[in-house]
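I opened this entry to keep track of what I looked up. The sequence and structure come before my notes.

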Amino acid sequence: MLVIALALAFSSAWVVFIGKSKSPTFIVAAEIASDAFDLWEQPGSLPEGVYLQDSTHAVVTKFVRSVDSTALWHSSVEPFGLSAGLEKSQWRGGWFFGSDLSAWEEKPGRMASHWKPRVGGANRLQMSKDGAIVSVYAPFDSTSADQYLKTTWISIDSVAQFNGVLPNGWMQWFEYLLDDHPEILQAKLGAFSLPGWPEYAVTKPLLDAAWIQLELDKGDTLWAFHCPDSAAFVANGIGNWSNGVWYLHSRGEENGWDSLPAFQKPNEAAVVTSQFAQWNSGDLEQAKWLADGRLIWMKELQPREDKDEVIQLADVVAISEDTSSIEVPETTNHLLGQARNHRTGNLMDIRWESGVVQAIDSKTESIIWTLKLGGSKAPKVWEVDLYQNGKFQVVIASKNRVDVIDVLGREVKGYPQLNATGFTAAAVFDYDRNNRHRIVLGTRDGNILNLQGEAMPTAGWMFSPNQGRYAVDIQHVRAGPSDYLFVAFSDGSVRLLARSGEDRMQTSIRIPPDQIAAFRIGKDIESTTALYIDENGWVEEKTIGGNESVGLTHATKGIRVLVEDRTKDGIPEVIVLTESGEEMWNARNERIN
C-alpha cells in the first residue's frame with residue numbers, strides 16, 4: 001500500500017500524514033478539516049469511473065480548495081476504478097482519494113464548527129472571500145417531511161450595531177417588481193447592508209438603509225436605497241431620487257428604472273417578519289437576521305391538511321444563489337403535490353417552474369395541462385372532487401388568484417377568483433370526508449370567503465371580519481365531538497370559528513404571523529395544545545383553552561414545529577425543525593432521536 005509521507009518545514013504543525021492508520025477508529029475528516037478547503041459537499045459527487053463496493057452505506061464527503069480547484073474525497077469505504085492521475089490511501093479507518101493527497105490539512109476552523117450534515121439530502125457548506133459561510137440542506141425525497149434549510153453566517157463586526165426592519169411597503173414592492181418583469185434575472189433585498197450585500201460601494205449614511213438590487217437580462221444592475229431626506233443623493237449627484245428612494249444604475253448616467261414600477265408607500269402597514277430576501281429564476285427565499293450574525297433562510301411551508309383533502313408533498317427546492325455566489329446546478333421543476341387522473345388511473349405530478357404550473361403524468365412524463373400564472377412565489381395546490389362524481393380537479397391558490405382546473409386543463413365555472421390586493425390565506429377542507437369541499441380564502445380587508453362547487457358562496461356562512469387585521473393561516477381542528485376553524489391573524493390573535501363562520505369559542509392564545517401552528521389533540525378543544533416557535537426561537541406549547549404554557553415550552557429552539565406519527569404507533573410525535581437537523585419528541589416530552 002502506498003504510504004505518502006508529508007513534510008513541510010514550517011507548517012507541519014497542522015499537516016497530517018496520510019497513510020495506514022495505526023488505529024481502526026474511524027475519524028470524521030470534516031471535524032478536523034482546514035478552512036483552506038472552502039467548499040464541502042456530502043454526499044460528494046464521485047470522479048468519473050470511481051465506484052464504491054458498499055455504496056449504500058458509504059459516507060462520502062468532498063472537499064474543494066477553490067483557489068486552485070483542488071478536490072479531495074473522504075470515504076468510509078474503499079474506492080475503486082480510479083483513473084490515471086488519481087490516488088487513494090487509507091486514513092484513520094476510512095479512505096482519502098484525489099489528485100493531490102498532500103493538499104490535506106488538519107487544522108479545524110470556522111468551516112468545521114459549522115458543519116452539521118443531515119441524512120436524506122444534499123449538504124453543502126461554503127465560505128466566501130468575505131468570510132460569510134453558507135450552509136444548505138435540500139432533501140432528496142420529495143415525499144420526505146424534511147424541509148429545505150439554509151443558514152448564512154456573517155462576520156458581525158461591521159453590522160452588529162444594525163438591528164433594522166424593512167420600511168413599510170418594501171417587501172411588497174420587491175415582490176411586485178418580480179411579477180411580470182421577465183427582464184429581471186436575479187433580485188436581492190435587505191433591511192441594511194452586509195458584506196457583499198448589496199454589490200455596491202455603500203458608505204455612510206447608507207449602511208443601515210434598506211436596499212434592493214436587480215440583475216437584468218442585458219447585464220445591467222439596478223439599485224434602490226431608502227433615503228427619506230435625499231441627503232445621500234445630493235452628496236453623490238448620481239442616479240435619481242423620488243418619494244424617499246434613491247435609484248441607481250450600473251452605467252451611472254442612465255436610469256434603468258424607467259421601465260419598472262417605482263416605490264409607492266402603501267396605505268396600510270403590512271406584517272413583515274423578514275429582513276432579507278433573494279430571488280433567482282423563480283426561487284424566492286426570505287431570511288430573518290439574528291443578532292449573533294446569522295441569516296435564517298426560509299421558503300413558505302405548505303399547511304398540512306387532512307390526507308383526503310390533498311396529497312400534499314414537501315417542496316423540493318434547488319439551491320439558489322447566495323451571498324457567496326456559489327455555482328449550483330440549474331433548478332428543476334418544483335413538485336407542489338399530486339392529484340388523481342380519473343381518465344387514465346395514473347397520478348399527476350403538479351409542478352411549478354418560472355411562473356408556470358404543469359400537470360405531468362407520473363408514469364409517462366407527458367404534459368396533461370399547463371397554467372401560466374407568472375409571479376415568483378410557488379402556489380399551493382389541493383385535489384378536490386367538486387361535483388362528487390369521482391372526477392377530480394386541482395385547486396391552485398396563488399397571490400392574487402385562485403384557479404380550479406379539471407383533468408382536461410379547463411377552468412371550472414366560476415374560476416379564477418381574482419383579488420387585486422391579494423389573498424392572505426387559503427385552505428381547502430372536506431370536514432366529514434364526503435367530498436363536500438370548501439375553499440376558504442382570507443382577503444386583505446379582513447374578510448374570509450367560503451366557496452363551494454362552482455365558486456358559489458357557502459350557504460349559512462356568517463363570518464364577521466375585524467378591522468385592522470386579516471387571516472394569515474386557516475386550519476381545521478377536530479377535538480372530541482366538535483370541530484373548529486383555527487384562524488390565525490396578522491396581529492397574532494386567533495379566532496375559533498364554527499363551520500358557519502361564527503365565533504364558537506374565545507381564546508387568548510397568540511401565534512406569530514410567520515408561524516404555522518401544529519396541534520397535539522386533547523380530549524376537547526380546551527385541553528388541545530398549539531405548538532409554534534416564538535420570536536426568540538423557543539418552542540412554545542400553549543393550551544388553547546387557557547393559554548397556559550405546558551409540555552415542550554422552552555424545551556428546545558427551532559425554526560418550525562410539526563406534529564406527525566413518525567413511529568407509526570398511532571401516537572403522533574412532535575418534530576422540531578432546527579438549523580442543524582430535526583428533533584423528534586414523544587408524547588412524554590422526551591427526545592427520541
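**Salt bridges across the chain**

I began with glutamate 175, which is buried at a relative accessible area of 12%. (Buried means under 20% relative accessible area, exposed over 50%, and partly exposed in between, with a 1.4 Å probe and protein chains only.) I was looking at a predicted model, where local features need pLDDT of at least 70, side-chain atom pairs count only at pLDDT 80 or more, and totals for chains, interfaces and linings use all residues. Residues are numbered from 1 along each chain as its sequence is written, and side-chain values use heavy atoms, with hydrogens and water left out.

Which residue forms a salt bridge with glutamate 175? I found lysine 399, with the closest N and O atoms 3.7 Å apart. (A salt bridge is a side-chain nitrogen of Lys or Arg within 4 Å of a carboxyl oxygen of Asp or Glu.) This pair links distant parts of the chain, 224 residues apart: glutamate 175 sits in helix 2 (residues 170-178), and lysine 399 in the loop between strand 25 (393-397) and strand 26 (401-406). (Helices, H or I with at least four residues, and strands, E with at least two, are DSSP runs numbered from the N terminus.) Lysine 399 is partly exposed at 36% relative accessibility.

I then searched the whole structure and found 25 salt bridges. One of them joins glutamate 582 and arginine 118, at 3.8 Å between the closest N and O atoms. Glutamate 582 belongs to strand 41 (residues 581-585) and arginine 118 to the loop between helix 1 (110-114) and strand 8 (121-127), so the pair ties together parts 464 residues apart in sequence. Are these two buried or exposed? Glutamate 582 is buried at 18%, and arginine 118 is buried at 8%.

**A network and a sheet**

Next I checked aspartate 432 and arginine 499, whose side chains meet in a salt bridge of 3.0 Å, N to O. Aspartate 432 lies in the loop between strand 28 (423-429) and strand 29 (438-443), and arginine 499 in the loop between strand 34 and strand 35, 67 residues apart. Aspartate 432 is partly exposed at 44%. Arginine 499 is partly exposed at 33%. I noted a network of salt bridges linking Asp432, Arg478, Asp483, Arg499 and Arg504.

Four of them form an open antiparallel sheet in the order 32-33-34-35. (Two strands pair if DSSP finds at least two bridges between them.) Strand 32 (471-479) and strand 35 (503-505) are at the edges with a single partner strand each, so one side of each has no neighbour in the sheet. Strand 33 (residues 482-489) and strand 34 (residues 494-497) pair over four bridges, in the antiparallel sense. I found leucine 496 in strand 34 as the bridge partner of phenylalanine 486.

**Backbone exceptions**

Most residues other than glycine have a negative phi, and most peptide bonds are trans. I looked for exceptions. The bond joining glutamine 42 and proline 43 is cis, with omega about -5 degrees. The bond from tyrosine 415 to proline 416 is also cis, with omega near 10 degrees.

Serine 69 is not a glycine, yet its phi is positive at about 65 degrees. I found serine 69 in the loop between strand 3 (60-65) and strand 4 (70-75), and it is exposed at 59%. Alanine 455 also has a positive phi, near 65 degrees. Alanine 455 lies in the loop between strand 30 (448-452) and strand 31 (456-457), and it is buried at 12%.
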